[in-house]
Amino acid sequence: MHGPVPPGWLLVALCAAAGAYCLLRMRSAVEEQRRSAGGEALMGFGMAAMAVPATVFDPPGWVWPLYTAVFGAAALHALWTARHDARHLHHLVGAAAMVYMAAVMAGSPTHATGHGPGGSGLPALTGALLLYFTGYVLLSGVRLVPVPAVAGGPPATGWADRPELARVCRLAMGIAMVAMLLTM
């Protein structure tokens, strides 16, 4: 993405860390954790790759259509999965946002030269995605507010089975999505 280099690298680190934790969640004993973790890992690593500052690495032209295809397939999978569980609609919106950003970058006349910001895309769609992800970030942040512990609560679980860490991972990717949409 286009923008200042230090925040770009922070975004890369945040997304890569979220993707790595999602890979760890794929080892969870909870089936729902394992099912959603793969798509979230793909999203985290895809966002990390897309967030590499353009001044450091300007990807070749074939990368953007590849991103569009990969995240288009992820969007179709999320749509198929959402038939049984509406919580996967967020994955659909996230994958569609990645398809949109990749398509904008592919069509950007400045991406080939590496100068200036990328194409702005469709302002209404960018604005709608910004509103969605900003609302998602705010709601996710509120959900992380700790609830007083009850004596005799559930036993401690492994790193892959911690629902609060999964929420933090999703929150981090939501924040990264807002930042990426703002730099379009």
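# Helices and aromatic rings in a predicted model

There are six helices and zero strands in the chain. The model is a predicted one.

Student: In what order do the elements of the chain run from the N terminus on?
Tutor: The chain holds six helices and zero strands. Read from the N terminus on, the elements therefore run α-α-α-α-α-α.

Student: How are α5 and α6 directed relative to each other?
Tutor: Helix α5 covers residues 123–143 and helix α6 covers residues 163–182. Their axes come within 9 Å and cross at roughly 150°. An angle over 145 degrees counts as roughly antiparallel. The relation of α5 to α6 is therefore roughly antiparallel.

Student: What is the handedness of the crossing of α5 and α6?
Tutor: Two packed helices are described by the angle between their axes and the distance between the axes. The crossing of α5 and α6 also has a hand, and that hand is left-handed.

Student: How many nonpolar, polar and charged residues does the contact of α5 with α6 have?
Tutor: On the α5 side the residues include L129, L130, F133 and R143. On the α6 side they include R167, L171, G174 and I175. By class, the contact has 11 nonpolar, five polar and three charged residues.

Student: Which kind of aromatic pair do W64 and Y67 form?
Tutor: The structure holds four aromatic pairs, and W64 with Y67 is one of them. The ring centres lie 5.5 Å apart, and the planes stand at 80°. Planes over 60 degrees apart count as edge-to-face. The pair of W64 and Y67 is therefore edge-to-face.

Student: Why are W64 and Y67 separated by about one helical turn?
Tutor: Both belong to helix α3, residues 63–81. They are separated by about one helical turn because their spacing in α3 is three residues.

Student: Is Y67 buried or exposed?
Tutor: Buried means under 20% relative accessible area. For Y67 the value is 15%, so Y67 counts as buried.

Student: What percentage of the 184 residues in the chain is buried?
Tutor: Among the buried residues are Y67 and F71. W64 is buried as well, with a relative accessible area of 3%. Over the chain, the buried share is 39%.

Conventions. Residues numbered from 1 in each chain as written. Predicted model: local features only at pLDDT ≥ 70, side-chain atom pairs only at ≥ 80, totals over all residues. Heavy atoms only, no water. Axes fitted to C-alpha atoms, helices over the stretch in contact; angles between N-to-C directions. Helix = DSSP H or I, 4+ residues; strand = E, 2+ residues; numbered from the N terminus. Parallel < 35°, antiparallel > 145°, perpendicular 65-115°, else oblique. Left-handed = near helix turned anticlockwise from the far one by under 90°. Contact = heavy atoms within 4.5 Å. Nonpolar A, V, L, I, M, F, W, Y, C, P; charged D, E, K, R; others polar. Phe/Tyr/Trp six-rings, centres within 6.5 Å; stacked < 30°, edge-to-face > 60°. Buried < 20%, exposed > 50% of the residue type's maximum accessible area, 1.4 Å probe, protein only.
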